[in-house]
Amino acid sequence: TRKAAVIGAGIAGIASAIRLAVKGYVVDVFEANAYAGGKLSGFEDVTPDGQSYRFDAGPSLFTMPHLVDELFKLAGRNPADYFEYTLLDETCRYFWDDNTRLTAWADLDRFGKEIETVFGEPSIHLHQHLADSARKYAVTEKLFLHRSLHKLSTWFNRDALTGYLNLPRLGVFGTMNGANERRFNNPRLVQLFNRYATYNGSDPYQTPATMNIIPHLEYNIGAFFPKGGMVSITNSLLKLAEELGVRFHYNTYVTEIVTKDMRAVAIKFTSQTGRLPRLNQEMATTSSTESEISVVISNMDIVSTFRKLLPNARQPERILRQPKSSSGLIFYWGIKQQFAELGLHNIIFSTDYRAEFNALFGQNQVPDDPTIYLNCSAKLKPDDAPAGCENWFILLNVPNNTGQDWDAMIARARQRILQKLSHTLGTEISSLIETESILDPRSIEARTSSAQGALYGNSSNNRFAAFLRHANFSRQFKNLYFVGGSVHPGGGIPLCLLSAKIATDLV
Ligand code: FAD
């Protein structure tokens, strides 16, 4: 039997384990935390009188569900037996400080009418924008999303040829903001569509207009809600993996990828019972016999994989030193009231978007007037909060961690959020908070090994960004592959799932 070791039980690690198990490998997954899912995990906060609020810790927007279904089908299972989700009819509710409100509907004609009513913007602009997004997506999908960019075969086939012919349409030479300003008359619609740059932790004033492919996922394919919350993506895939015989080793931190004759032959790890791995601990156990492992897949962030697990290997500095994407500051609040104005996804915009991104990427600071994302899963899954209450997941885009004074920035941001939400909802919010947890770039880094706590690996602020992500395989060592949000094709659940497909196809 061929044995595979997967380092990390993030979503890409689990997907890789499933794909290898289907191929007949005996798979062991080593996970530093006591739980699976990495960023895509969940938890509960309980009030002193025993009331429980459930939260998804990281992702809250689910797109391209077919990539999850595909894994069940690959294993000969019926996806619906494991995992259920619904298409949202309301994509997002938008709020501005002057009480302007707009709902983005999944029904695009309805959304078009809404922008005509609220902003006087001809709805044709919306339809043109989304058609352009679909065209861009069709080109990039073939070239970038399903294949390794780093194999010659990717570049010499009919799909690639179509891709080259359509390159001028991709918008690699202009910025997202430039394209959106040309498209829409109303600055608030420009702002709304500029926000999609943040879906991969980038800056709309720098990232190429190519990134206007992102709205295609949300509007043309659709935004979905997993019936069991986002964490059910992890849980259902975990169940499938376990049924396929994959063994998960929790509280097990991999400390080294052992190489011999330019092959990855083993891994070393430490097991501990504490929640966070103690990095300097002497390794307690090694893997069975070295030559037995025929594939190693690292789902650890690529910078951490090279710096920590392969310190003696040649370091691909150009890639490892690329600027990182933004990070997130999340407040998880149990709120003892319900708000009819809020939906599942809500955005409360800043007044000056350019200043916000200048603070984020120019000054490495949390903006003074941040755009707030508020997710309330209890809107669709009422048992996520006690009766009459709501579970608020509040996310700010913040810079990645370069040693800023986070405690001070978090305290200030919390004040600003309370002011802004109290103003928008016309209710004083702070006294309604029953439970509170906070995640910031430092804890994201500690919990998932993401370099600088970046949410999506390298930023995509550069037009060559797609080529500055590490390949899904190692050029130095045979048998070694890389998956997850920090490598090709990129961050976010769909792309992480695709990384597992590309890597295991190469195995
Ligand atoms: P990660 O989730 O990064 O997990 C890596 C795992 O590997 C961790 O469990 C870690 O403990 C383990 N590990 C690392 N090193 C070792 C080691 N040496 N030994 C053992 N184990 C190790 N995406 C979306 O699609 N939609 C969203 O709405 C969205 N919102 C987000 C909001 C937040 C707050 C965050 C944090 C992320 C969000 N993302 C979103 C991004 C998405 O969560 C990630 O891109 C994706 O989950 C990353 O998966 P991954 O496979 O790269 O692994």
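**A close look, then the wider chain**

Modeller: N375 is buried, with a relative accessible area of 7% (buried means under 20%, exposed over 50%, partly exposed in between, with a 1.4 Å probe and protein chains only). This is a predicted model, in which local features need pLDDT of at least 70 and side-chain atom pairs count only at pLDDT 80 or more, while totals for chains, interfaces and linings use all residues. Residues are numbered from 1 along each chain as its sequence is written, and side-chain values use heavy atoms, with hydrogens and water left out.

N375 belongs to strand β16, residues 372-375 (strands are DSSP runs of E with at least two residues, helices are runs of H or I with at least four, and both are numbered from the N terminus). Leaving out residues up to four places away in sequence, N375 touches S60, L344, H345, N391, W392 and F393, where contact means heavy atoms within 4.5 Å. Take L61 as well: N375 and L61 are 314 residues apart in sequence, yet their C-alpha atoms are 9.2 Å apart in space.

Between α14 (353-362) and β16 there is a loop, and N364 lies in that loop. N364 has a positive phi of about 55 degrees although it is not a glycine. With a relative accessible area of 28%, N364 is partly exposed. Another asparagine with a positive phi is N99, at near 75 degrees, and N99 is found in the loop between β6 (90-95) and β7 (101-105).

Now the domains, whose bounds come from an automatic or database domain assignment. Domain 1 covers 3-34 + 250-322 + 465-506, domain 2 covers 41-62 + 85-106 + 222-230 + 326-455, and domain 3 covers 109-221. The C-alpha centres of domain 2 and domain 3 lie 25 Å apart. Their contact takes 24 residues from domain 2 and 26 residues from domain 3.

S304 sits in helix α12, residues 302-309. Apart from neighbours within four places in sequence, S304 is in contact with L309, S449 and A451.

Helix α2 spans residues 66-74, and its buried residues are L67, V68, D69, L71 and F72. They pack against α1 (11-22), β5 (85-87), α11 (231-243) and α17 (493-506). Just after α2, G76 takes a positive phi of about 75 degrees. The loop between β19 (480-482) and α17 holds P489, and the peptide bond from H488 to P489 is cis, with omega near -5 degrees.

Stepping back, the protein chain has 17 helices and 19 strands. Its radius of gyration is 22 Å, close to the 23 Å that the globule rule gives for 507 residues, so the chain is as compact as a globular protein of that length (the radius is taken over C-alpha atoms, and the rule is 2.2 Å times the number of residues to the power 0.38). Along the principal axes, the C-alpha atoms fill a box of roughly 65 × 65 × 45 Å. Of the 507 residues, 61% count as buried. Among contacts between residues at least 6 apart in sequence, 70% join residues at least 24 apart.
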